[in-house]
Amino acid sequence: MRLDILNALNEERAARRSVVVVTNQDSGTQRLVKAADIGADPLKAVLEKHIRSAKSGIEETPEGKVFLTVHVPSPKLVITGAVHISQTLAPMGQLLGYDVTIVDPRTAFASIERFPDVKVIADWPDVALPAIGIDHYTAFVALTHDPKIDDPGLDVALKSDCFYIGALGSRKTHARRVERLKAERGFSDNDIGRIHSPIGLDIGSVSPAEIAVSIIGEITQALRQEPT
Amino acid sequence: MLARDEDILKAAEDWKKAGRGVALATVVETWGSAPRPIGSNLVIDDQGNFLGSVSGGCVEGAVVTEAIDVIESGKPRTLEFGVADETAWKVGLSCGGKIRVFVERVE
């Protein structure tokens with residue numbers, strides 16, 4: 001591998017951007033394809049498939065047999081609400097490889113006893129979220145039921161290009177939330193359409209842990225499946 | 001890759017910039033139960049120092065030896081490792097899998 005390719009590869013990884021190294025198995029030639037350049041690449045479809053699954057591998061292409069080394073940033077899961085659902089959602093996220101952070105300004109909720117192995121920030125989302133960095137490889141979940149806490153979190157998430165936004169609440173609660181986000185924060189229907197609410201896959205969840213399963217399932221679907 | 005790795009590729013870059021001869025080994029194909037997924041890296045320098053893994057420790061020694069040759073010659077090589085008892089004198093994978101490892105010099 002050429003040092004300039006290795007250097008560019010490490011720069012993209014440090015900046016949390018996806019990147020693929022394409023190595024031709026016959027000629028040995030190598031090139032780097034940055035996420036932003038995939039759309040214009042002759043191997044677009046193949047590259048997109050590999051980025052989505054985050055898997056390296058060999059492919060037969062018009063360019064010949066190529067080995068694709070795929071580097072995708074590790075995903076983050078950011079939750080507002082140190083609530084009952086979060087107590088199971090956070091460790092599930094960690095098992096799936098997410099870097100998990102819970103944000104809740106209510107110190108009684110955001111205690112170490114309740115969340116022994118998770119990063120918990122006892123601050124308001126409009127302060128905490130920009131510091132965490134809500135990027136394309138982030139899933140944001142609002143679970144407090146309290147507009148004072150969830151709305152500023154949704155505000156930051158909707159202004160980012162994060163891959164998943166979910167908000168807990170019934171259809172009625174969500175309708176009121178939509179009204180607030182439009183009237184008070186100026187979001188459009190298009191913006192608000194990004195919010196998954198009711199949150200989670202419809203699998204008849206009852207307990208907080210089961211709701212966490214439905215949420216993590218929906219996040220996985222957003223991460224791995226092509227949008228239809 | 002989902003699992004976190006110590007930063008092997010950064011080490012490859014740093015070692016090269018420090019003036020060492022460096023080779024990068026990458027798992028390019030696996031069959032059966034392979035210990036490390038495709039794309040896993042091992043970085044090797046001309047003194048035989050290495051970081052990362054391409055197997056559960058079964059074949060790293062052999063890869064390091066080959067990598068030192070690659071650093072010298074500059075010619076990339078593809079190595080294949082299979083089950084240990086297939087050929088008694090060769091190193092192999094006790095897990096029963098088979099892997100192909102591409103070894104290239106950092107230029």
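This is a predicted model: local features need pLDDT of at least 70, side-chain atom pairs count only at pLDDT 80 or more; totals for chains, interfaces and linings use all residues.
Visitor: Hello! Into which domains does the domain assignment divide chain A, and how far apart do their C-alpha centres lie?

Guide: Welcome! The assignment gives chain A a domain 1, covering 3-71, and a domain 2, covering 76-224. Between the C-alpha centres of these two domains of chain A, the distance is 32 Å.

Visitor: In what order do the 4 strands of the open antiparallel sheet in chain A stand?

Guide: Let's start with one pair in chain A: strand 1 (residues 19-24) and strand 4 (residues 64-71) are antiparallel and share 6 bridges. Within that pairing, A:Thr23 stands opposite A:Phe67. Across the whole open sheet, the order is 2-1-4-3.

Visitor: Which strands of chain A stand at the edges of that sheet, and why is one side of each left without a neighbour?

Guide: Strands of a sheet pair through backbone hydrogen bonds. In this sheet of chain A, an edge strand has a single partner strand, so one of its sides has no neighbour in the sheet. From one strand to the next, the twist averages 30°. The two edge strands of chain A are strand 2 (30-34) and strand 3 (57-61).

Visitor: Chain A also has an open sheet of 6 strands; is the pairing there parallel or antiparallel?

Guide: The strands of this sheet in chain A come in the order 7-6-5-8-9-10. Strand 7 (119-121) and strand 10 (195-196) of chain A are the edge strands, each pairing on one side only. As an example from chain A, strand 8 (residues 138-142) and strand 9 (residues 164-167) are joined by 4 bridges, and A:Ala139 has A:Tyr164 as its bridge partner. The pairing in the sheet is parallel.

Visitor: What angle does helix 4 of chain A make with strand 6 of chain A?

Guide: Helix 4 (residues 125-132) of chain A packs on this sheet, where it touches strand 5 (76-80), strand 6 (99-103) and strand 7 of chain A. The angle between the direction of helix 4 and that of strand 6 of chain A is about 165°.

Visitor: Now for chain B: what pattern does it follow along the sequence?

Guide: Chain B has 2 helices and 5 strands. Of its 107 residues, 43% are buried. Read along the sequence, the pattern is α-β-β-β-α-β-β.

Visitor: Which residues have the most contacts inside the largest nonpolar core?

Guide: Nonpolar side chains tend to be buried together in soluble globular proteins. The largest nonpolar core here has 43 residues, and strand 1 (residues 22-31) of chain B gives the most to it, with 6 residues. Leaving aside neighbours within four places in sequence, the contacts of B:Ala25 include B:Leu42, B:Val63 and B:Val103. The residues with the most contacts inside the core are B:Ala23, B:Ala25 and B:Val101.

Visitor: How many residues are there in the other core that lies apart from it?

Guide: This other core includes A:Ile102, A:Ile134, A:Val141 and A:Val156. Its total is 41 residues.

Visitor: Finally, where does the largest share of the side of chain B that touches chain A come from?

Guide: In all, 20 residues of chain B are in contact with 18 residues of chain A. That side of chain B has 11 nonpolar, 2 polar and 7 charged residues. Helix 1 (8-17), strand 1 and strand 5 (98-105) of chain B each supply at least two of its residues. The largest share, 5 residues, comes from helix 1 of chain B.

Notes. Residues are numbered from 1 along each chain as its sequence is written. Chains are lettered from A and ligands numbered from 1 in the order in which they are written. Domain bounds come from an automatic or database domain assignment. Two strands pair if DSSP finds at least two bridges between them. Axes are lines fitted to C-alpha atoms, for helices over the stretch in contact, and angles run from 0 to 180 degrees between N-to-C directions. A nonpolar core is a set of buried Ala, Val, Leu, Ile, Met, Phe, Trp, Tyr and Cys residues joined through C-beta atoms within 7 Å. A residue is buried if 20 or more other C-beta atoms lie within 10 Å of its own, exposed if 12 or fewer, and partly exposed in between; C-beta atoms are placed from the backbone. Two residues are in contact if their C-beta atoms, placed from the backbone, lie within 7 Å. Ala, Val, Leu, Ile, Met, Phe, Trp, Tyr, Cys and Pro count as nonpolar, Asp, Glu, Lys and Arg as charged, and the others, Gly among them, as polar.
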